[in-house]
Amino acid sequence: MSQFGTEFCDHFAIAQFDGKAWQPAEIKALEPLSIHPAAHVLHYASTCFEGFKAYRWADGKARVYRLYDHIARMQKSAASLKLPVPDTELLANMVLDLVRRQVEDIPQPPSSLYLRPTLIGTLENIGAAASPSTVATLFVLASPVGDYFAGGARPLKLLVEDQRSRSTEQLGSTKTGGNYAAALGPTLAAKAEFGVDQVLFCPNGDVQETGAANFLLINDDEIITKPLDTTFLHGMTRDSILTLAKDLGYRINERSFTVAELLEWVKTYEAALSGTAACLTPVGTLVHKGQEIPVRDGKAGPSVEKLRTALQSIQYGEAPDTHGWLTEV
Ligand SMILES: *Cc1c(COP(=O)(O)O)cnc(C)c1O
């Protein structure tokens, strides 16, 4: 299958907020959007998005993973950007109608259909830097994606960045375009200088997350990860893994920790990144102050593997959905 995010289904869902109300959504042939060059989003980055997957089970029917939790997170993102907040039913039906329409395009697990709701401020006013976009467009793209782990789960190498931030305190938990623009420069520099895959942002030594994934430390009976606050994105994969780990008898230790603690703990703890695209991915090496520090022996560990399998088994329909995370289409 082609590279993640580059292949699209031939239809998408779209709806407009006209300043007063959301207008009925349409499923249309995928086509370019026509927006005014003065549109708020193009100048003042009034945009947020979501990312989640639908899986097509052996029975031929699709299931969407944590649809209503992702919608709730998008509503929080929209509110924090002062954009019109999409109605739950409107957005849920846009997603479900689109998935129903494209169900034949969903490859069998471990492949899936990646869904990308996006909200943009379309107010035509370049003088509105300090006022919100009162009109908006909401659309949902669907993209068939292959198995992230085809070829095996290669442990990642991360640069531990102990000065700079990925985002700002007020937008860290908002899934908004500007945050990825902010992380891009430091990430490209780290790739070029140290050959790392990602940057682990730890401003003033506080271990937060990478550009697009949450960070967890895991041993045989405990998970350590940062407690929810406004500085980082509240991943649904993070929440799912913590919930399943608790079911499996792990202690969940949500606490802030420092780079010094991190470097000590990776002698015995596995480390992993969590996110929809790559589920739970092992981290094998940290780079700090120019030095390479292996996470344990630098290889993928058993707990990360076990927890990833536990989550994927539910998503693929191989284990019961004990937490009611899947919506049948
Ligand atoms: C989307 C995202 C995540 C992961 O969230 P999931 O809901 O698990 O996919 C983590 N960090 C950032 C910055 C993100 O944008």
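Visitor: Which residues of E4 lie on one side, which lie on the other, and are they buried or exposed?

Guide: Phe52, Ala54 and Arg56 lie on one side of E4, Lys53 and Tyr55 lie on the other, and all of them are buried, so that both faces are covered. Buried means under 20% relative accessible area, exposed means over 50%, and partly exposed lies in between (1.4 Å probe, protein chains only). In a regular strand the side chains alternate between the two faces of the sheet. The model is predicted: local features need pLDDT of at least 70, side-chain atom pairs count only at pLDDT 80 or more, and totals for chains, interfaces and linings use all residues. Residues are numbered from 1 along each chain as its sequence is written, and side-chain values use heavy atoms, with hydrogens and water left out.

Visitor: In what sense does E4 run beside strand E5, and over how many bridges?

Guide: Two strands pair if DSSP finds at least two bridges between them. E4 and E5 (residues 62-65) pair in the antiparallel sense over 3 bridges, with Val64 of E5 as the bridge partner of Ala54. The hairpin of E4 and E5 has 5 residues between the strands, and Gly60 there takes a positive phi near 85°. E4 also runs antiparallel to strand E6 (residues 112-121), to which 3 bridges join it. In E6, Leu113 is the bridge partner of Ala54.

Visitor: How many bridges join E6 to E7?

Guide: The antiparallel strands E6 and E7 are joined by 10 bridges, and Gly121 stands opposite Ala136 in E7. E7 also pairs with strand E1 (residues 11-17), in the antiparallel sense over 5 bridges. Here Ala136 of E7 is the bridge partner of Phe17.

Visitor: Why is strand E7 described as largely enclosed?

Guide: Strand E7 (residues 136-145) has 9 buried residues out of 10, so the rest of the structure largely encloses it. Strand E8 (residues 156-161) is likewise largely enclosed by the rest of the structure, because 5 of its 6 residues are buried.

Visitor: Which strand pairs with E8 in the parallel sense over 4 bridges and spans residues 279-288?

Guide: That strand is E14, in which Leu286 is the bridge partner of Leu158. E8 is also joined by 4 bridges to strand E9 (residues 198-201), and these two run parallel. In E9, Leu200 is the bridge partner of Val160. From E8 the chain crosses through helix H4 (residues 177-194) to E9 in a right-handed β-α-β crossover; right-handed here means that, with the strands pointing away from the viewer, the path from the first strand over the helix to the second runs clockwise.

Visitor: Is Thr210 buried or exposed?

Guide: Thr210 is buried, with a relative accessible area of 1%, and its place is in the loop between E9 and strand E10 (214-218). Contact means heavy atoms within 4.5 Å. Leaving aside residues up to four places away in sequence, Thr210 touches Leu158, Arg166, Gln198, Val199, Leu200, Phe201 and Leu273.

Visitor: Does Gln291 count as buried or exposed?

Guide: Gln291 counts as exposed, because its relative accessibility is 55%. This residue is in strand E15 (residues 291-294).

Visitor: Which domains does the assignment give for the chain?

Guide: Domain bounds come from an automatic or database domain assignment, which here gives domain 1 (11-145) and domain 2 (156-315). The contact between them takes 20 residues from domain 1 and 17 residues from domain 2. Their C-alpha centres lie 27 Å apart.

Visitor: How many helices and strands does the chain have?

Guide: The chain has 7 helices and 16 strands, and buried residues make up 53% of its 329 residues. Its C-alpha trace spans about 55 × 50 × 35 Å along the principal axes. Among contacts between residues at least 6 apart in sequence, 72% join residues at least 24 apart.
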